[in-house]
Amino acid sequence: MFKMVSSPHTHGSNLTAKFMLWVMVAMLPALVVQCYYFGVGVLVQVIIAVSFAVVIELTVAKLRQKPTAFYLADLSGILTALILAMSIPPYSPYWIVMIGVIVALLLAKHIYGGLGQNLFNPAMVAYALLLISFPVQMTSWSVPSQLLSEPPTMNDAFHLVFTGVTSDGFSLRQLVDSVDGITQATPLDSAKLAMKAQGFIAPELAQNISDKLGFNGWFQINLAFLIGGIFLIAKRIIHWQIPVAMLTVFVLCSYTDNTVKQLAFADSSSALWETWQHLFSGAMMFGAFFIATDPVSASITPRGKLIFGGLIGLLVYLIRYYGNYPDAVAFSVLLANICVPLIDHYTQPRLYGTRK
């Protein structure tokens, strides 16, 4: 006698864990480049975040009286922790990433019922809360390791994260002050200050920001995220609509704005350069391919994905150029998440055989 079960009777091989694992694999090139430019502190943050995420997932499983493998097998908690760890400065205090993991997994994920029920991107909820609550720690990016006379070792990185000083007793500020150059949070921060001071970025200042504040490093990090994102699209792990719409809308708005502001210089190449810098600075590629494409909190209809991605690109442009934050991916994604139910409602595909 056959066992009576409800449909579906045929199961596909595309498991959640498989998708999450491919996303983590696609992030590895960017992780390597981040470690090259910012030191092994990135790995320390990843170790802390992933370890603490496993502890939280196990604790939640016990509290809800579920099998421990139920929350660990899908790898969603580990991926959230990895995204958060790669978003914060590499030598931030250990409690920064721990608070972030707690907020991401408990307040932004499990409080809604777990994976598939959350309204907002968990990693971006945690990042936004950390940035607002601890702005100093969240903007204390170190200079590229190549500029330091003695880059921190793995032992020094652990000491910096857990005690605030290296094994030799040097703080991060002392290491940075030993570099003969200009230090800022990021190249985007310097561009933001210039925009507020004079309303535009002169070509010579733009080149100065590029040379002294490490735009080349951020360019290579974003390029690594771009390569990983293209890999995910080729593997059909994510859809192309969201990243393409986000980047296209941002480029159109940014180039138009830069061109208008720099007409006084009669130099359209400067407007193109600044757009290029914004496109490959901060978390633009990271946000376009790995954050905005979150399958739970993003739009699910084909047209909705285009609108959702375009909305994020527009918000990133508005906040970067006219807001108080140099990078705006986290806030833009969260604001767009609020609009997802409305977007999906009005972009539902028409059923076959029905009239408009």
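This passage describes the fold, the side-chain pairs and the surface of one predicted protein chain. The model is predicted, so that local features require a pLDDT of at least 70 and side-chain atom pairs a pLDDT of 80 or more, while totals for chains, interfaces and linings use all residues. Residues are numbered from 1 along the chain as its sequence is written, and side-chain values use heavy atoms, with hydrogens and water left out.

The chain contains 17 helices and zero strands; helices (H or I, at least four residues) and strands (E, at least two) are DSSP runs numbered from the N terminus. Of the 356 residues, 49% are buried, where buried means under 20% relative accessible area, exposed over 50%, and partly exposed in between (1.4 Å probe, protein chains only). Contacts are defined by heavy atoms within 4.5 Å. Among contacts between residues at least 6 apart in sequence, 77% join residues at least 24 apart.

Helix α5 has 14 residues and spans 19 Å from its first C-alpha to its last, close to the 20 Å expected at 1.5 Å a residue. The expected span is 1.5 Å times one less than the number of residues in the helix. Its buried residues are Ile 96, Val 97, Gly 100, Val 101, Val 103, Ala 104 and Leu 105. An α-helix has 3.6 residues a turn, so residues three or four places apart point the same way. The cover over the buried residues of α5 includes α2, α4 (76-85), α6 and α7 (135-138).

A nonpolar patch of about 560 Å² is made by Leu 43, Ile 47, Tyr 94, Trp 95, Met 154, Phe 158 and Phe 162. Patches consist of residues with over 30% relative accessible area and no salt bridge, like charges being joined within 9 Å and nonpolar side chains (Val, Leu, Ile, Met, Phe, Trp, Tyr) within 5 Å. At least two residues of the patch come from each of α2, α5 and α8 (154-163), and α8 gives the most, with three. Met 154 lies in α8 and is partly exposed at 33% relative accessibility. Tyr 94, Phe 158 and Phe 162 form one aromatic cluster.

Aromatic pairs were assigned to rings of Phe, Tyr and Trp (its six-membered ring) whose centres lie within 6.5 Å, with planes under 30 degrees apart counted as stacked, over 60 as edge-to-face and the rest as tilted. By this rule there are 15 aromatic pairs. One of them is the tilted pair of Phe 219 and Phe 280, at 5.0 Å centre to centre and 50° between the planes. This pair links distant parts of the chain, with Phe 219 in helix α12 (residues 215-234) and Phe 280 in the loop between α14 (268-279) and α15 (284-291), 61 residues apart. Phe 219 is partly exposed at 22% relative accessible area, whereas Phe 280 is buried at 6%. Tyr 325 and Phe 331 form another tilted pair, with 4.8 Å between centres and 35° between planes. Here Tyr 325 is partly exposed at 30% and Phe 331 is buried at 16%.

Two salt bridges are present, each defined as a side-chain nitrogen of Lys or Arg within 4 Å of a carboxyl oxygen of Asp or Glu. In one, the closest N and O atoms of Glu 57 and Lys 109 are 3.4 Å apart. Glu 57 lies in helix α2 (residues 41-63) and Lys 109 in the loop between α5 (94-107) and α6 (122-133), so the bridge ties together parts 52 residues apart in sequence. Both Glu 57 and Lys 109 are buried. In the other, Arg 320 pairs with Asp 327 at 2.8 Å between the closest N and O atoms. Arg 320 is buried at 3% relative accessible area, and Asp 327 is partly exposed at 21%.

Trp 22, in helix α1 (residues 16-38), is partly exposed at 26% relative accessibility. Its C-alpha atom is separated by 7.4 Å from that of Leu 232, 210 residues away along the chain. Leaving aside neighbours within four places in sequence, Trp 22 contacts Phe 231, Leu 232, Lys 235 and Ile 237.

Technical notes. Accessible areas come from the Shrake-Rupley method with a 1.4 Å probe; for residues, only the protein chains shown count as cover.
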